[in-house]
Amino acid sequence: MLWNVSIFEKNVLSNVKNLTIMTLSLSRSVRKHNIKGVVVVVKKLLLSVGALLMLFPAMAFAADEGPSTAMLNMGLNSVWILVSFILVLLMQGGFILLETGSTRMKNAGHVAGKTIFTVGLCTLIYWAFGYGIFNGSDEISAGLKKFIGWGDFFFDPTVAGGEGDSYPITTFFLFQLAFATISLSIAWGGFAERAKLSVYLVFTVLFSIFVYPVVAHWIWGGGWLAQDGAQDYAGSTVVHLTGALAAMAATILLKPRIGKFNKDGSSNEILGHNQVFSALSVLLLWVGWFGFNAGSALGVGDGFFGFVAFNTMLGAGAGTVAALLISWAITGKADITTTLNGALAGLVAITASCAFVDPWAAVVIGLVAGVLVFFSAKLFEKLRIDDPIFALSVHGAAGVWGTLANGIFATKDLAEKVGVGKGGLIDTGSWHQLWVQFESVAVSGAYVLIVSFIILGVMKLVMGLRVTEEQEIIGLDLSEHGTYGYPEQMKKSNNIQA
């Protein structure tokens with residue numbers, strides 16, 4: 001909006017004139033001891049001064065135009081994306097508490113330390129290589145671009161967005177980086193309590209180059225699955241299933257923890273040391289998920305991100321309730337761990353579909369996820385797969401279900417609004433989107449599992465994956481770091497044993 005300078009000057013002169021008259025009136029009233037007159041004049045004086053204070057800053061607009069509507073929109077979008085990045089990054093605190101609470105005290109410091117270390121390392125590798133493979137802007141053949149991006153290695157972004165941009169590329173990079181770190185932290189569930197620290201270092205580098213960015217490019221970076229119309233709004237497959245299948249490869253190659261399974265095939269429950277930590281972790285992750293899902297709108301726009309957040313909350317609530325009720329019905333006890341897993345499973349499942357389905361469908365998706373996480377955990381245990389943090393059930397099984405659910409519940413109107421794929425079976429009567437969703441799960445899952453097995457298999461031959469039996473029994477705090485996460489508690493324990 002441009003200010004009319006002549007009108008502005010007239011307003012200023014008028015206010016200055018009135019201010020002078022009121023000052024003289026105030027002087028006369030004081031001399032005549034007219035207190036009532038003084039009060040009236042002071043009030044008018046204050047109003048005039050306030051008007052002048054509001055007018056003078058506006059002089060800056062008299063000569064130059066203010067920011068355009070497009071620039072203001074970009075600023076709002078940038079703030080929202082950056083806030084969402086911060087929320088997703090803080091989810092790492094949830095993963096630290098989740099893994100710490102779900103494992104034994106002797107490994108607590110190790111869990112916390114290696115999580116922070118790998119987030120830092122992933123940041124550098126993703127900046128150097130991962131982002132370029134996900135979203136590189138170099139011109140390459142159309143056939144190759146279906147499978148990988150190329151360019152923008154050692155990413156050097158512009159310092160600010162330009163006219164016409166929806167957001168600065170720096171905010172987009174940070175948001176995508178946060179997703180990569182989350183997928184990596186999910187994978188650590190399969191390494192828990194028995195992997196060498198050096199394994200975390202090497203696998204972080206290779207996962208951040210050869211695993212996560214490739215799947216992200218296929219579905220989010222314009223790759224072949226994106227061209228087919230695969231719907232995965234915030235990463236049930238890209239982030240969660242990818243992390244879970246890397247965890248599966250790790251836990252199979254590492255083999256179960258000492259004491260988890262008996263010779264007859266029966267299992268022993270190895271309890272985590274702090275359920276309060278686990279519950280607090282779920283709350284932190286739940287809050288962070290609003291950055292995860294609603295942030296994927298990548299802008300404020302018409303407020304669609306609020307609808308995404310709405311569906312996210314419904315899915316999480318339904319998963320929580322379903323998991324508690326199914327565990328109560330089957331075992332006779334309302335298991336706390338299953339309840340917490342149900343909340344996370346509901347969140348994982350709704351992540352792919354939060355922008356594509358109606359609220360009633362979000363509830364159904366969450367309910368199914370809550371039941372699925374209970375039975376899938378039992379199945380993996382029967383298969384003698386040691387899954388200490390339930391990554392395979394929470395992020396794997398629920399991730400598959402959430403991605404497939406789009407093919408059933410997505411509506412045509414919401415698919416058109418998002419601009420990806422088509423409506424699902426219920427809304428359109430067509431099986432097309434369900435097939436596309438199945439294709440994306442099957443192909444992405446197979447790629448992650450095969451490549452993770454190859455990477456970890458070679459690492460096992462070259463450097464070994466697992467600590468020694470003695471180191472595992474002592475705990476990774478002492479054997480890998482030379483100290484305890486709970487030094488006072490461990491001293492007391494050693495004194496009692498002595």
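Is glycine 464 buried or exposed?

## A buried glycine

Glycine 464 is buried, with a relative accessible area of 18%. Buried means under 20% relative accessible area, exposed over 50%, and partly exposed in between (1.4 Å probe, protein chains only). This is a predicted model: local features need pLDDT of at least 70, side-chain atom pairs count only at pLDDT 80 or more, and totals for chains, interfaces and linings use all residues. Residues are numbered from 1 along each chain as its sequence is written, and side-chain values use heavy atoms, leaving out hydrogens and water.

Glycine 464 sits in the loop between α18 and α19 (469–474). Helices here are DSSP runs (H or I, at least four residues), numbered from the N terminus. Leaving aside neighbours within four places in sequence, glycine 464 contacts Lys196, Val199 and Met459. Contact means heavy atoms within 4.5 Å. Lysine 196 is 268 residues away along the chain, yet the two C-alpha atoms are 8.2 Å apart.

## An exposed leucine

Leucine 461 belongs to helix α18 (residues 432–462). Leucine 461 is exposed, with a relative accessible area of 77%.

## A bent helix

Helix α11 covers residues 275–294. At glycine 288, α11 bends by about 30 degrees. That bend is the angle between axes fitted to the seven residues ending there and the seven starting there.

Several residues of α11 are buried, including Trp286, Gly288 and Trp289. The buried residues of α11 pack against α4 (69–102), α7 (169–187), α10 (236–254), α12 (304–331) and α13 (336–353). Just after α12, glycine 332 takes a positive phi of about 85 degrees.

Definitions and conventions. Helices (H or I, at least four residues) and strands (E, at least two) are DSSP runs, numbered from the N terminus. The expected span of a helix is 1.5 Å times one less than its number of residues.
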